[in-house]
Amino acid sequence: MARLRGRGIAAICYPTGMNLGGDPSQTVIVAQPDGKFIVNVASVELGQGLRTALAQIAAEAIGASVEDVEVRFGDTQTAPHDTGTFASRTTHRMGNAIVKAGQEIRQILLDVASKILEVSPQDLEIGNGKIWVRGVPDKFLTVKHVVNQAQFVYNTPVVGKGHYVKPKSDVDPDTGESDPHSTMAHGCIVADVEVDAETGVVTVLQIYTVYEVGRAINPKLVEGQIIGGMLMGLGAALTETVYPRYPELTHQATSFREYVLPTAGDAPKIVYKIVESPTETGPYGAKGVGEMVANGIAPAIVNAVYDAIGVQITELPITPEKVLKALREKQ
Amino acid sequence: MRIKFKLDGEVVEVDAKHTDTLLKILKDKLGVGAVHFGCGEGTCGACIVLVNGRPRYSCLTLAGYVDGKEVTTVAGLAHDGELSEIQKAFLENDAAQCGYCTPGMILIAKALLDRNPSPSDEEIFDALAGNLCRCTGYVPIINAIKSLSKKR
Amino acid sequence: MSGQFAAVSAPIKNVQLLGHVTGATQYVDEISFPGMLWIKAVRSPVARGKIKKIDTSRAEKVPGVIKIITAKDVPNNIHVNMAGIGIGPPDEPVLPEDEVKYKGEAICLVVARDEETALKAAQLVEVEIEELPPVLDMEEALKPDAPVITKWGINAFIYGSGMDGATKPGRPGRPFFLVRRGDVETAFKQADKVVKGSYIIPPIEHAPIEPHVCVAKPEHGGKLTIYTTTQAPYFVRDNVATILNIPASNIRVIAPAVGGGFGGKVDPEFEMQVAVAAMRVGRPVKWRWTREEEFTISTTRPAIKIEIEDALSKDGLILGRRARLLHDSGAYTRTSPYGVIKATVNLSGPYHIPNVYYEGYCVYTNRQPSSAMRGYGVFEVSYAVELQMERDARTLGLDSWEFRFKNAYRNGQVTATGRPIDDAYLVEVMKEAASLAGVKLPSHLLQMSSWG
């Protein structure tokens, strides 16, 4: 019996931030006497790696080395208000807040260092854990040392605060005219599939994806999102729903026995590329990434099946039952 | 009943009902962090431990079964402060994001490589079929296992 | 990627990894306190009905049962969710007083010394419900003769009259969110081809491997610490404060590492119930959801039905688009009105369509409430739009790439909601994807760019 091959594409965009804005993020960065910077955020580490990415942004903004920055998250006692970790908003909004806080600390450090080195703060450079006199790299102090001196000798707290909000957009109720997002990220997905015409089983042979993310604060973490998103999209395309007889409530999934998630052997081969088109609105140009990577997979797969069997199945998930039904109706 | 077993090398004694699962004892009586409740019914793999070196869903294992046996969690894999090979491979390959499935994944990977030092792709997929991950997409986990696979 | 930064752009390892591979990463399920009690819920067996009687007498007699929490134990019985930031209305109780609106809705909570005792007692609570026919189909729900399951007369959220946090009360509202630009009527009159499509996605569940777990611990001085698997600690804090009628600053919310969220842990779904129980009994209380509760109770992606109609010119341009989007909010509002706006304003996708008319309906049905999931609203829209684009291309006899290149939005154009576009990059991304996939695009496409 025939194994039908097909290719499908999907081109998508995804907005950064809570729709219509009005979602503030705030942070406080506090330096410890040992030179460590604690970044306090009410954002939550869900596995996406914000503890790492936000530390990188803080290190960049302060001029510290990343090893000396620790992000402490998810505790309303020590972290000021943050709207929440969703809508691909954290790297962007909290990142912007951290840049502000980091820049405040940078200025404090330069001021203290200028006193120690007896130069003007404008003559100093800071980066990667060091502060030095411009053009005279031998005349330097470590950031650690300056933090320590600031607190014990110069009686200057090394604390920075930052906030960011995209003001809430008005909405014209008669046209929907509004400014819903800060910036758009983009993606394009190509899927190659094979459909078994006898069983209706769809195998995804290969996925090609390109995602434009503004700036990849940490390409390794972006890769993690791309691969993970691919599997979530795969499940949505082929097997996942809690109500298989929607809108009826019958046969509602109650366990992983009925709600079929892809497992390791289902992971398609993937070739991916991350491209950058920095946005002025985001920290070092970054846009949100975490959701977009799950959005284009299902349509690319369904379009590939369309190419393979000549029928576009419009209701997800495209189970073998639906594929066989489509093939039969085509005849 | 009272059961006595080795948990990551240390002897523990605890009261358990005959109907208690090992997962229940580990989590709610002994406060073990390195084992995770994901479904409680043997469908996700988050609760996997090694019992005398063999992997078992602790949610499908009665507590009484481990009396007199050795239970190993991911917390017991390191030796003298040095991580095991499989843990290092997971680190090197970035094979975790939220970490909730990771203990089960590492133990099932270890169990696979212990009995089959050079598994084929199909054998790896088969071994991992009972472990769900929602974050990583599995590829880095497969890569971690492959990196330890001895060339035939 | 670029060499211009010291820390940004570096592929540094996720700092959580060491804890993950040694089992040291702490999640809420490890939180435990001396004297801690456990919750199990008594849940509605029917999708819609009037609560006639709740008899807890047999359950209360089970040894080890401390208290059974019902609606009357809740100081301020409204599940606030996003009403705090103006996306209302707060139409959901923390615990229902007189009606249930979805199968599995928690009617009362048993607080006991361990999970087994709580479960045993929960099974002894007798609830008498007068069952009513549930509203399940969105199209049926919108019909004028449909039974109404909301408190405001129709099974749809009313936009434009202040309920949505974006407009002022007093204006006449519409049962849908409207996006309209240009002149669709003329566009369709001028079309060489008109292509229709209808697309459905049923509810999808986040299914993070870590289920919902919450521990609430009363502290001295009327304070409360809540450990919970949340993506939004301040949502939890502000909701619980409103419900308990205590200052928000008396509440500390802690989310240790969370085992996957994907939008399923944004809504405060159960923290307020745990908080009420803890304050009532004066002891730490824990609720660990079962996987069955994850599938049948916790929020899902909304089911969405999208109908699209495109007016096409024979040289491959989309002159105009009409779309009707139905979003299944389930029994309660939660974040759906927000999700519908987000979906509707994105119905043009990454394309330039100068004439549009989009209606987005937030529809109420008697099923578990839906809410955000990875890509909220836009996941569904991207699906429908990309399938529609394929239909359009085939109808015109155009190559899939060519059709998308021609219609991709450019910098300097304006979106369906009038936002100027200054960050377009779709053309470039498509070129890269084609190249990765070994597709040789014709030179006239390769010459295109997002800047003109």
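Analyst: One term before we start: helices (H or I, at least four residues) and strands (E, at least two) are DSSP runs, numbered from the N terminus. With that, the elements of chain B run β-β-α-β-β-β-α-α-α-α from the N terminus on. This is a predicted model, where local features need pLDDT of at least 70 and side-chain atom pairs count only at pLDDT 80 or more, while totals for chains, interfaces and linings use all residues. Residues are numbered from 1 along each chain as its sequence is written, and chains are lettered from A and ligands numbered from 1 in the order in which they are written.

User: How many helices and strands is that for chain B?
Analyst: Five helices and five strands.

User: And why call chain B as compact as a globular protein of its length?
Analyst: Chain B has a radius of gyration of 15 Å, close to the 15 Å from the globule rule for 152 residues, so it is as compact as a globular protein of that length. The radius is taken over C-alpha atoms, and the rule is 2.2 Å times the number of residues to the power 0.38. Along the principal axes, the C-alpha atoms of chain B fill a box of roughly 45 × 30 × 25 Å.

User: What share of chain B counts as buried?
Analyst: 54% of its 152 residues. Buried here means that 20 or more other C-beta atoms lie within 10 Å of the residue's own; exposed means 12 or fewer, partly exposed is in between, and C-beta atoms are placed from the backbone.

User: Which domains is chain B divided into?
Analyst: Domain 1 (2–76) and domain 2 (85–148), with bounds that come from an automatic or database domain assignment. The C-alpha centres of the two domains of chain B lie 21 Å apart. Their contact takes 14 residues from domain 1 of chain B and 11 residues from domain 2 of chain B, where contact means C-beta atoms, placed from the backbone, within 7 Å.

User: Which element gives the most on the domain 1 side?
Analyst: Strand 3 of chain B, with three residues. That side divides into 10 nonpolar, three polar and one charged. For the classes, Ala, Val, Leu, Ile, Met, Phe, Trp, Tyr, Cys and Pro count as nonpolar, Asp, Glu, Lys and Arg as charged, and the others, Gly among them, as polar.

User: What do strand 3 and strand 4 of chain B form?
Analyst: A hairpin with two residues between the strands, and Asn52(B) in the turn has a positive phi of about 50°. Strand 3 (residues 48–51) and strand 4 (residues 54–57) of chain B run antiparallel, joined by four bridges; strands pair if DSSP finds at least two bridges between them. Opposite Ile48(B) you'll find Tyr57(B) in strand 4 of chain B.

User: Jumping to the other end, which residues of helix 5 of chain B are buried?
Analyst: In helix 5 (residues 139–148) of chain B, the buried ones are Val139(B), Pro140(B), Ile141(B), Ile142(B), Ala144(B) and Ile145(B).

User: What do they pack against?
Analyst: Helix 4 (219–238) of chain A, along with helix 2 (85–92), helix 3 (102–115) and helix 4 (121–128) of chain B.

User: OK, chain C. How many of its residues are in contact with chain B?
Analyst: 28 residues of chain C, against 33 residues of chain B. Helix 1 (residues 17–22) of chain C brings the largest share of the chain C side, six residues. By class, that side of chain C has 10 nonpolar, 12 polar and six charged residues.

User: How many residues go into the contact of chain A and chain C?
Analyst: Chain A puts in 94 residues and chain C 96 residues. The chain A side has 46 nonpolar, 32 polar and 16 charged residues.

User: What's chain C built from?
Analyst: It has 13 helices and 15 strands, and 59% of its 452 residues are buried. The C-alpha trace of chain C spans about 80 × 60 × 35 Å along its principal axes.

User: And which domains does the assignment give for chain C?
Analyst: Domain 1 (28–132 + 206–296) and domain 2 (177–204 + 300–446). The centres of these domains of chain C, taken over C-alpha atoms, are separated by 39 Å.

User: Last one: what strand order does the three-strand open sheet of chain C have?
Analyst: 4-2-6, with antiparallel pairing. Strand 4 (99–100) and strand 6 (126–131) of chain C are the edge strands, each pairing on one side only. Two bridges join strand 2 (residues 49–55) of chain C to strand 4 of chain C, and Lys50(C) has Glu99(C) in strand 4 of chain C as its bridge partner.

Definitions and conventions:
Contact = placed C-beta atoms within 7 Å.
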